[in-house]
Amino acid sequence: MIAAPGAGKGTQGAVIAAHFGIPHIATGDLLRDHVARDTPLGQSVQGLLDRGELVPDEVVLDMVRGAMTTSDGYVLDGIPRTMDQARALYALAVELDRTADVALHLHVDDDELVRRLLARAEVTGRSDDTEDVIRRRLRLYYEVTHPILAWYGERGILVSVDARRPAELVGRHILTALEVLDQVMSGNPDLPRRPVDLTGLGAAFGSSG
Ligand code: ADP
């Protein structure tokens, strides 16, 4: 998934992972978990997280490598964030024989993003959800992350969805699109599609995005 902060990657990543029975690998969550447990890695990245700056590529790539080897499928959330990370991730995926089937872009306009992130700040108390840091994270997204989308477009795996609408509706559209793609990629049009059922995912819709 590629999307600006606040677009709903956390929420939709959980929905996709639950639907397909695959792990949701969220680099931000993994990093915050290290900070919360006060591990050496957590101590080394805390300042960067607080300021909304990127942690070194090796750190996130190592975490993702570990998580990706434990299952056949995956939903990546928070990586790649730069073109360098996109290339490194592609090389890693080729090595593990798990290249991405889909690059999912969640589109939300900036005003709505800032509104959502400020609202989230009141609930989660995340250290990087202050107005200054939010604006820096958005700037960084447009500078270094957004350009990656063109690369996935050229590879022919880009799927963009309008993520301004309510989370349940966005989730329904994503799962429907992914089910159709799954069927096409399996090469068997008669393969039964999993029903798109969001009724049991209340917990996922309560999480941050
Ligand atoms: P956001 O809601 O801003 O997308 P995340 O939870 O994905 O937040 O990430 C929070 C922070 O973790 C980022 O601001 C950055 O400091 C760090 N981080 C997460 N993923 C990466 C990555 N792939 N490369 C570098 N830093 C990362």
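Predicted model: local features only at pLDDT ≥ 70, side-chain atom pairs only at ≥ 80, totals over all residues.
How are α6 and α7 oriented to each other, oblique or roughly parallel?

Residues are numbered from 1 along each chain as its sequence is written, and side-chain values use heavy atoms, with hydrogens and water left out.

1. Look at helix α6 (residues 110–124) and helix α7 (residues 131–145): their axes come within 10 Å and cross at roughly 140 degrees. Helices here are DSSP runs of H or I with at least four residues, strands are runs of E with at least two, and both are numbered from the N terminus. Axes are lines fitted to C-alpha atoms, for helices over the stretch in contact, with angles from 0 to 180 degrees between N-to-C directions. Angles under 35 degrees count as roughly parallel, over 145 as roughly antiparallel, 65 to 115 as roughly perpendicular and the rest as oblique, so α6 and α7 are oblique to each other.

2. A second pair to find is helix α1 (residues 9–20) and helix α9 (residues 167–186), whose axes come within 10 Å and cross at roughly 45 degrees. That angle makes α1 oblique to α9.

3. Now for the ligand. Its shell holds 19 residues, and Thr 27, Glu 53, Gly 78, Gln 85 and Arg 137 come nearest; a residue is near if one of its heavy atoms lies within 4 Å. Helix α2 (residues 27–36) gives the most to this shell, with four residues.

4. Several polar contacts (pairs of N or O atoms within 3.5 Å) are worth a close look. A backbone N or O atom of Glu 53 sits 2.5 Å from a ligand oxygen. The side chain of Gln 85 has an N or O atom 2.8 Å from a nitrogen of the ligand. For Arg 120, a polar side-chain atom is 3.4 Å from a ligand oxygen. On its own the ligand has 550 Å² of accessible area, of which the protein covers 97%; such areas come from the Shrake-Rupley method with a 1.4 Å probe.

5. Two backbone details sit in loops. Ile 79 and Pro 80 are joined by a cis peptide bond, with omega about 5 degrees, and Pro 80 lies in the loop between β2 (75–77) and α5 (83–96). Asp 38, a residue other than glycine, has a positive phi near 55 degrees; its place is in the loop between α2 and α3 (40–51).

Definitions and conventions:
Polar contact = N/O pair within 3.5 Å; in protein donor to acceptor, adjacent residues only side chain to side chain.
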